[in-house]
Amino acid sequence: MARTGLYQSEVKKARDALIAQGKHPSVDAVRVALGNTGSKTTIHKYLKELEEQDGGAGDRKASITEALHDLVARLAAQLHEEGNARVVEVEAQSLEKDRVHAAALAALRSDIESLGGRLERVQAGADRESAAHAEARANLQDETIARHTAEQQVADLKERVLENDAHRLSLEEKHKHAREALEHYRQSVKEQREQDQRRHEQQIQQLQAEMRQLQQSLIVKQDDITRLNQEGARLVSDLSHAQAALYAQQAQGRQLVQQIATLQDAAQQALIRLAAKDAQTGALHEQAAAAVSKAEAAFGRVRELELALATADATLASQHEVASELRAHLASRAQKADNEPEART
């Protein structure tokens with residue numbers, strides 16, 4: 001890899017040092033002298049430029065005296081003799097180093113093959129963990145959707161219950177007014193017809209008991225409330241007319257009693273309809289309880305999946321870390337094996 005900021009002066013310095021040591025300044029040798037840094041292409045370009053510069057200087061050196069040439073010749077002969085002795089020694093050392101390097105290279109290759117097999121096993125484990133991780137994410141997404149659906153159902157059911165509570169309160173208010181009107185009518189008629197009042201007092205108490213049952217209902221449809229409101233208004237109006245008529249004459253009181261009996265029949269029919277609505281209310285409460293139970297189960301499943309996902313993430317991170325360490329170790333060993341032949345060169 002090219003080192004940032006490599007200069008021609010650094011290449012020249014490394015080349016001159018190699019020449020002073022009696023070594024050939026090849027691209028690889030210069031790169032080793034630079035500390036295994038710098039691009040080979042850049043080093044080759046700088047070496048070529050330095051050779052061109054040295055060629056120009058050679059023309060200027062062509063005028064050196066013959067005495068200098070003679071001195072160079074004698075030095076060359078002496079260096080040749082010393083070089084031959086050194087070559088024999090270096091060759092022996094080189095053979096020994098080649099043997100040692102060959103053994104080390106064989107051991108290194110064996111280690112590389114072993115590490116490669118281990119890396120493949122680790123990679124396979126990482127792939128399996130990745131697949132399990134993806135599956136856990138998919139399951140988590142499904143459970144999250146189911147949880148949101150259950151939450152929406154619970155919210156809808158709660159909203160319906162609140163609406164029904166509001167309707168129930170409105171109906172209780174209407175019934176309260178009706179009871180007050182009936183009580184007022186009972187007190188007015190008591191002075192004139194105690195006997196009839198005793199007979200109808202039981203009916204009024206029954207009607208009050210039925211009204212208390214109506215107070216316990218949770219869901220009432222709007223059309224039933226409208227009909228009951230109309231019946232209550234008609235009942236209040238009839239009771240007011242009956243009170244005025246009873247003060248006027250006894251006969252009109254009997255007629256009002258008959259009208260009350262008719263209204264009681266209508267109220268009983270309304271109670272029957274409200275009992276049916278009570279059954280619907282119970283069913284809605286059961287649905288709400290089932291939805292809440294389903295949501296709680298979904299929450300538990302989501303928590304389990306989140307724990308499994310965290311475990312899978314930790315395992316996957318550990319596998320990737322082991323794989324990275326193995327790759328770095330293999331790269332280091334391979335680079336060391338490449339540098340040793342270059343150093344011999």
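Buried residues here have under 20% relative accessible area, exposed ones over 50%, and partly exposed ones lie in between (1.4 Å probe, protein chains only). These legends describe a predicted model, in which local features need pLDDT of at least 70 and side-chain atom pairs count only at pLDDT 80 or more, while totals for chains, interfaces and linings use all residues. Residues are numbered from 1 along each chain as its sequence is written, and side-chain values use heavy atoms, with hydrogens and water left out.

View A. Let's start with α5, residues 194-215; helices are DSSP runs (H or I, at least four residues) numbered from the N terminus.

**View B. The largest nonpolar core.** Such a core joins buried Ala, Val, Leu, Ile, Met, Phe, Trp, Tyr and Cys residues through side-chain atoms within 4.5 Å. This one has 11 residues, including Leu 6, Ala 14, Val 30, Leu 34 and Tyr 46. Helices α1 (8-20), α2 (27-33) and α3 (40-60) each give two or more residues, with the largest share, 4 residues, coming from α3. Leaving aside neighbours within four places in sequence, Ala 14 contacts (heavy atoms within 4.5 Å) Val 30, Ala 33 and Leu 34.

**View C. His 133 in helix α4.** Look for His 133 within α4, residues 66-190. His 133 counts as buried because its relative accessibility is 10%. Not counting residues up to four places away in sequence, His 133 touches Leu 309, Ala 312 and Asp 313.

Note on methods: The expected span of a helix is 1.5 Å times one less than its number of residues.
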